[in-house]
Amino acid sequence: MNLQEMSTKDLLALHNQIADKAAGPKTFATRGKLLDRIESVAAAKNIDVASFGQPQGAEVTEPHAQQQADAVEATEAPTETEKKPSGKGIGRLARELLMDPAGYPHGVIAEMVNAQIEGAQASAKSVRWYAHDMRKKGATVPERQRVAESDPV
């Protein structure tokens, strides 16, 4: 196969194989410049570029019994629809409590999350972040109750 028949993607891969410095897809303004660069590098290094475009024969190996056994075990693994829950559910619970129309203050929601989930370390700031993230994504989060300065939160 000659260079003119190769795709630009294949030409770029060829260039990166033979050139000292790799190029990206936006390095060359035109396909012609890429072809010129490949030809100049090939001439400088005495490389026959015609052999690069030839498809290589696939290597055929015999399947082993162990590979077949591994394939059977792989099918028994959980699928994508059966995702294992990640985390403890702190964010999910905090978001649910933020949507409560009672409008609990952020500090109270953090205490509620910490009481319901073992090992949780939610703070008023983290709950505030969840509220901000929900608003940023377009959710209408109810207003919070104002905390009096005498009430510890």
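Predicted model: local features only at pLDDT ≥ 70, side-chain atom pairs only at ≥ 80, totals over all residues.
A salt bridge is taken here as a side-chain nitrogen of Lys or Arg within 4 Å of a carboxyl oxygen of Asp or Glu. Side chains of opposite charge can pair when their charged atoms come close. By the rule above, the count comes to four salt bridges.

Salt bridges link R95, D133 and K137. Within this group, D133 pairs with K137, and the closest N and O atoms of the two are 3.3 Å apart. The two partners can also be described by their accessibility. D133 has a relative accessible area of 9% and counts as buried, because that value falls under 20%. K137, on the other hand, is exposed, with a relative accessible area of 66%.

Another pair belongs to helix α4, which covers residues 90–98. Here the side chains of E96 and R92 meet in a salt bridge, at 2.9 Å from N to O. These two residues are four apart in the helix, so about one helical turn separates them. R92 is exposed, with a relative accessible area of 51%, a value that just qualifies because the cut-off for exposed is over 50%. E96, at 46%, is partly exposed.

The bridge between K45 and D20 brings in other parts of the chain. Its closest N and O atoms lie 2.7 Å apart. K45 is in helix α2 (residues 31–45), whereas D20 sits in the loop between α1 and α2, so this pair ties together parts that are 25 residues apart in sequence. As for accessibility, D20 counts as exposed at 73%, while K45 is partly exposed, with a relative accessible area of 37%.

Helix α1 deserves a brief look of its own. This helix spans residues 8–18 and includes A13. The relative accessible area of A13 is 42%, which makes this alanine partly exposed. A13 can also be placed relative to A23: the two residues are ten apart in sequence, and their C-alpha atoms are 8.8 Å apart in space.

Taken together, the pairs described here include one within helix α4, one that ties helix α2 to the loop between α1 and α2, and one that belongs to the network of R95, D133 and K137.

Technical notes. Residues numbered from 1 in each chain as written. Heavy atoms only, no water. Buried < 20%, exposed > 50% of the residue type's maximum accessible area, 1.4 Å probe, protein only.
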